[in-house]
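Please keep the sequence and the picture at hand while reading.

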Amino acid sequence: MSTVIEQIEQQIAKLSTKAVRKNTGIIRTVADGVAKIDGLSDVAYNEMIQFPGGVIGIALNLGADEVGAVVLGDVSQLKEGDEVSTTGKLLSVPVGKALLGRTVDALGNPVDGKGRSVPPRPTRSRRSPPASWPASRFPSRSSPASRPSTP
């Protein structure tokens with residue numbers, strides 16, 4: 001009896017009580033490269049989502065009850081009931097000279113059979129740029145009355 005108690009005490013001593021905040025959800029349906037997911041209450045628009053097997057998706061349709069995500073990988077391994085989680089990162093792709101002349105997928109992973117690309121040297125910010133930028137503003141235009149007339 002005392003050995004059982006000692007084993008339990010040893011297991012309790014090894015127990016880690018570190019809390020990790022994780023936003024997870026469950027796949028409701030997967031069809032045509034789009035997954036509908038229950039949960040993910042804190043997901044952001046254009047945020048990358050981690051599916052089982054290392055597959056990445058992008059949250060695009062943020063509904064009140066479900067999230068619609070485009071799957072950027074093999075959907076054949078995904079099934080209803082699989083757990084997914086947010087990554088906390090907006091969609092971004094690597095850039096740099098190592099990718100010049102290469103064929104890459106939507107996430108910047110080489111698909112041309114030439115092996116892995118050399119990762120770009122870290123910049124001062126050490127971040128990949130986002131996949132989309134806000135549009136620049138147009139210069140102000142003069143009114144038609146102030147334009148020179150053309151013959």
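Asp32 sits in the loop between β1 and β2, the latter covering residues 34-39. This is a predicted model, and in it the phi angle of Asp32 is near 55 degrees, a positive value in a residue that is not glycine. Is Asp32 buried or exposed? Its relative accessibility is 83%. Because the cut-off for exposed is over 50%, Asp32 counts as exposed.

Leu40 is found in the loop between β2 and β3. Leu40 is not a glycine either, and its phi is positive at about 55 degrees. Asp32, in contrast, is exposed.

**The overall fold**

Of the 151 residues in the protein, 23% are buried.

How are the six strands arranged? They form a closed barrel in the order β1-β2-β5-β4-β3-β6, and the pairing is antiparallel. On average, neighbouring strands of this sheet are turned by 45 degrees against each other, with direction ignored. In general, strands of a sheet pair through backbone hydrogen bonds, and the pairing can be parallel or antiparallel.

Some of the pairs can be followed residue by residue. Strand β4, residues 56-62, runs antiparallel to strand β5, residues 66-71, and five bridges join the two. Within this pair, Leu62 stands opposite Val67 of β5.

Strand β6, residues 83-90, is joined to strand β1, residues 24-31, by three bridges, again in the antiparallel sense. Strand β6 also pairs with β3, residues 47-50, over three bridges and antiparallel. Which residue of β6 is the bridge partner of Thr24? It is Ser85. Ser85 is also the bridge partner of Gln50.

**The helix and a surface patch**

Helix α1 covers residues 2-14, and Ile12 lies in it. Ile12 has a relative accessible area of 56% and is therefore exposed. Together with Val4 and Ile8, Ile12 forms a nonpolar patch on the surface. The accessible area of the three residues together is about 270 Å².

**Charged side chains**

In general, side chains of opposite charge can pair when their charged atoms come close. In this protein the count of salt bridges comes to five.

| Salt bridge | N to O distance |
|---|---|
| Asp38 and Arg28 | 2.6 Å |
| Glu66 and Arg28 | 2.7 Å |
| Asp82 and Lys79 | 3.2 Å |

Arg28 has a salt bridge with Asp38. This pair links distant parts of the chain, with Asp38 in strand β2 and Arg28 in strand β1, 10 residues apart. Arg28 also forms a salt bridge with Glu66. Glu66 lies in strand β5 and Arg28 in strand β1, so this pair ties together parts that are 38 residues apart in sequence.

Which residues make up the network of salt bridges? They are Arg28, Lys36, Asp38 and Glu66. Arg28 has 35% relative accessibility and counts as partly exposed. Asp38, at 30%, counts as partly exposed too. Both values fall in the range between buried and exposed, because buried means under 20% and exposed means over 50%.

Asp82, which forms a salt bridge with Lys79, has a relative accessible area of 11% and is therefore buried.

Arg102 belongs to the segment after β6. The side chains of Arg102 and Asp112 are joined by a polar contact of 2.8 Å. Is Arg102 buried or exposed? Its relative accessibility is 18%. Because the cut-off for buried is under 20%, Arg102 counts as buried.

Methods: Residues numbered from 1 in each chain as written. Predicted model: local features only at pLDDT ≥ 70, side-chain atom pairs only at ≥ 80, totals over all residues. Heavy atoms only, no water. Pairing = 2+ DSSP bridges. Helix = DSSP H or I, 4+ residues; strand = E, 2+ residues; numbered from the N terminus. Axes fitted to C-alpha atoms, helices over the stretch in contact; angles between N-to-C directions. Patch = residues over 30% accessible without salt bridge, like charges linked within 9 Å, V, L, I, M, F, W, Y side chains within 5 Å. Areas by Shrake-Rupley, 256 points an atom, 1.4 Å probe, with all protein chains shown as cover. Salt bridge = Lys/Arg side-chain N within 4 Å of Asp/Glu carboxyl O. Buried < 20%, exposed > 50% of the residue type's maximum accessible area, 1.4 Å probe, protein only. Polar contact = N/O pair within 3.5 Å; in protein donor to acceptor, adjacent residues only side chain to side chain.
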